[in-house]
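Take a look at the model below. We will walk through a few of its parts, one at a time.

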There are 4 protein chains.
Amino acid sequence: MKIKRIVEEALEESKQLLDKGKLADYIPELTKANPRHLGISILSKDGKKFSAGAVKESFTIQSISKVITLLFCLDFFGDEKVFSLVGREPSGTPFSEFITLSDFTDKPKNPFINSGAIALASLLASRMTFEDYLAKSNELFGQGDFKLNQAVYTSELAHSERNHSLAWELKRMKLLSADLETSLDFYTKVCAIEASAENLVDLAFCLANYGKIANKQVFKQRDIATTLSLMLTCGLYDGSGDFAAAVGIPAKSGVGGGILAVVPGRAGLVTFGPALDYNGNSIGGIELLRIISDQLDFHLFLPQAAI
Amino acid sequence: MKIKRIVEEALEESKQLLDKGKLADYIPELTKANPRHLGISILSKDGKKFSAGAVKESFTIQSISKVITLLFCLDFFGDEKVFSLVGREPSGTPFSEFITLSDFTDKPKNPFINSGAIALASLLASRMTFEDYLAKSNELFGQGDFKLNQAVYTSELAHSERNHSLAWELKRMKLLSADLETSLDFYTKVCAIEASAENLVDLAFCLANYGKIANKQVFKQRDIATTLSLMLTCGLYDGSGDFAAAVGIPAKSGVGGGILAVVPGRAGLVTFGPALDYNGNSIGGIELLRIISDQLDFHLFLPQAAI
Amino acid sequence: MKIKRIVEEALEESKQLLDKGKLADYIPELTKANPRHLGISILSKDGKKFSAGAVKESFTIQSISKVITLLFCLDFFGDEKVFSLVGREPSGTPFSEFITLSDFTDKPKNPFINSGAIALASLLASRMTFEDYLAKSNELFGQGDFKLNQAVYTSELAHSERNHSLAWELKRMKLLSADLETSLDFYTKVCAIEASAENLVDLAFCLANYGKIANKQVFKQRDIATTLSLMLTCGLYDGSGDFAAAVGIPAKSGVGGGILAVVPGRAGLVTFGPALDYNGNSIGGIELLRIISDQLDFHLFLPQAAI
Amino acid sequence: MKIKRIVEEALEESKQLLDKGKLADYIPELTKANPRHLGISILSKDGKKFSAGAVKESFTIQSISKVITLLFCLDFFGDEKVFSLVGREPSGTPFSEFITLSDFTDKPKNPFINSGAIALASLLASRMTFEDYLAKSNELFGQGDFKLNQAVYTSELAHSERNHSLAWELKRMKLLSADLETSLDFYTKVCAIEASAENLVDLAFCLANYGKIANKQVFKQRDIATTLSLMLTCGLYDGSGDFAAAVGIPAKSGVGGGILAVVPGRAGLVTFGPALDYNGNSIGGIELLRIISDQLDFHLFLPQAAI
């Protein structure tokens, strides 16, 4: 079968890059991952799923949670409220510096930098508990397989000084909707949700399917469009522009090694590979998506063939 | 006819915003424009052209020239050479500050900020004269109607201190390919090319048509894809993210009031309206594109209907 | 008497500037001050004290506490330890922006910016309670008149978001010596110590007298020299350089309206005037010190006459 | 003799640091210096001169020229005019980044950063030629020994891209008083004036003597005070604060290896040692001044004994 072969060959080729990446090491828990792991799961419009490599390995979704958080916020509060708290512009800030206070004067530049994501986590935390968030995520996309990784959560909380700085600054600017510690706890927990590539692919597919799950319009099309726009412009830290040019589809990475990618109207994809590049994105995952996009004409700005 | 009516209604509605914009005033020549002007020209896949409003008014293309310069550079020198001189990342810098030296450490962040555009103008200037550039542009897109606006050129050159600063910094970093004054003269001239919305729509269409002009593949598809990606992520200064979310198509604005917009595989559009918003983009043009995108399902991340 | 007349005339003249200043308003308590107040207390080498104007009015010492904190830190921990936590360089940061995280990469630039002062407060808090600090200050300089202003302390604590941001960033960089909340509480309390110009002049005199109090060498001469150097280069926020040029003596201001000034070997001075200039310094106090410095040849870089 | 012995011992001790420094290498000419050279020349109030080490070696004065330029500007144009073009505040910018455009919004922060010095060179260039400047400097301080080092001048001019950037930005802000190229040529030439420590010590002495040369008040006392204040707060790049605390006297360094230092009312000093520290200051010169200041009680904020 054509796609199967393309995916498997792409996987082999991408693995050759893994030695050039390195594991996230800002918390000890993340260094326990196997840097040789690489896998991809694809769910296409016709309902076919292709998987290859490390697709059953669990990893924490980290910044991929920012997509779920944004979707929930848009759904519950509307885009006017959401974009009164965060902007929609790329930040131009390299991953290696994280985000500093000086990066926002009136509000965080977008929902995918840490300060912006904390503001939106706080908004959700004013309405629901983490348990609600997890339950709802599981119900919509995770089929019960999303879990809290307690060790990563604990480790991140123990190394959350920068997030505390950001949260206090948000509080100063009256951009927190819930109590500060509650907001940070919520934020830290959603980042520590654990899933496999196979578990996450339903989320990618929901985005590719313009917000429909099993023929039901679960999210507004317009909210999906906003989310995909932000993924394309800001989804991969300071590698967003390169990825948009080379691969040409919306995506969101996490330092746990996952990448959520979307071919609107055609397919949802999730890659997993914990070895990261200079920008903090999965080095194997990006290469894999690049090759597959090339082979299957995924690039939004190239003439498209059918998957 | 459906499209005609949609466009004309959108034009009327958008005109109501014009009072909130203001003309570019950093050079005296630009303040001579009529802020009430607004027009749009559309060329769709089937070869039909729709125009409404001020589409025969000439204006200087300003930063829209950066698209032509990028295309020519990619074509003549290849993307490896081009992206050794400039990056592909959004800069996160507001228009009101222009771009400052501190915005690039190793090279300009992308080809659409002034420093990046000067680097690429210099690259072209090492190979061709401005007259060649104008002739080639006219041959490909302008049908002889592109002209140099001598008054704007002279005025911009007389107010080019910031560009000189940038050029000297580029020279320090060995990113100029031609003589500094030659590079700046070339850059200033291409910004001062004058055209109307109707004249420019062939360029927009060429991009929408994946680089084909009259069935001939004039630019490589991959170079078009790269250019459109950069337009989507960086084409409207610090309003790029908002536009990507709201309108959802690649575009490039100029302070002369033009916006070049592209619906890949479907249509090329050019709006003209010299009243600018806070970010330096045509306030009427953005609104016009937003309404038409809504009505005609142009947004890349919404399910699409046929034009 | 000559000095008396000079001081009184200077006071009258300086009062004319008060209308141009404004009260600190970042906490409500500080807006209760009387902006027309202005006074000065001078203690000269021969033990003579001259006072004029509002010298018995209590005000919170705010950033003037940073001088006491630095002296105590140098005394208890030595300069090697102290300058492993903070630098000795001017920050170049305007008062109006306060200090942001990006202002320090490895450690705060000096002990007089908020981040640096919190780091040193934390160091002291690892060794003593606020009550010890107040008692020791009273014993050395305050003659029992230094008190905690409970209302200002409470108000500042309730508006301490930025300080929390800074403290968390310090914690991240392992520059806190005590618990974070303890450190901030300590810091906030020392800023809220209340005294009058007459109460504070003994501190100024101790600095002028090279660390001697009543003929006893209480602080090391070298520590006094370090403190005075930092006062001269960084004591008045982004007005430090102007003051050094115009007045020519080490000084430290507080947003409560006090200025502590030192003529080494000759006199200690304290002015009080809560109307502040653009940089956050007492507008009347600076003018008063400028005139008196002129009249009494205080400028370090002008030929000096005896007081 | 006491001072002679102190100076010679200090010289021996300081030489041990030279291996830790490195020559300026941004222009090839400067790398030709001998990094083992170290010398000091002292001229004290009673007219006695002490010299030890490499005091007859010529070096280019580089940024030490900024002191002469400031004095001439204050003298010819008055401080109101001068400080309308540059500020008086420390910049907080490390030497290693030089100065970038973003460091000034309305004007350069002080006359000793490159942008500020170019603004003042331009002011002088509007009134006098470089030959006049050299002649006047020689007449006042250099006794005919100040010369233009043609090789360094040519080399600096060939590497003056950053200075061109700064000059164009100054032009944009209307802070140039003469033609841009004339201003830069003037600036580059005054930096390339060559002298020995022995030649320069008269300049240091004139500052120590409050502007008097041979009993004639050549510069206004107030202008000298302003100059010394700026030397103390901004004279040694990002090492200014450390030097003020440790050595306690006004000084100005140059990347050619010279340091001009002043003990007001007591002595002028010049050290030469081309091996530079991290901040771009002579590593041996700073150590030498530190030891001598300690031994001879030069620190402004320590009780002083007679030289």
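The paragraphs below cover a helix, a sheet and a single residue.

This is a predicted model, in which local features need pLDDT of at least 70 and side-chain atom pairs count only at pLDDT 80 or more, while totals for chains, interfaces and linings use all residues. Residues are numbered from 1 along each chain as its sequence is written, and chains are lettered from A and ligands numbered from 1 in the order in which they are written.

Start with helix H8 of chain A, residues 197-208. Helices (H or I, at least four residues) and strands (E, at least two) are DSSP runs, numbered from the N terminus. The expected span of a helix is 1.5 Å times one less than its number of residues. For the twelve residues of H8(A) that gives 16 Å, and the end C-alpha atoms are 16 Å apart, which agrees. Twelve of the twelve residues of H8(A) are buried. A residue is buried if 20 or more other C-beta atoms, placed from the backbone, lie within 10 Å of its own. After H8(A) comes A:Tyr210, with a positive phi near 55 degrees.

Now the sheet. Three strands of chain A form an open sheet in the order S3-S5-S4, with antiparallel pairing. Strands S3 (59-60) and S4 (147-148) of chain A stand at the edges with a single partner each, so one side of each lacks a neighbour in the sheet. Two strands pair if DSSP finds at least two bridges between them. S4(A) and S5(A) pair over two bridges. A:Lys147 has A:Glu194 as its bridge partner.

Finally, B:Asn163 lies in helix H6 of chain B. B:Asn163 counts as buried because it has 23 C-beta neighbours inside 10 Å.
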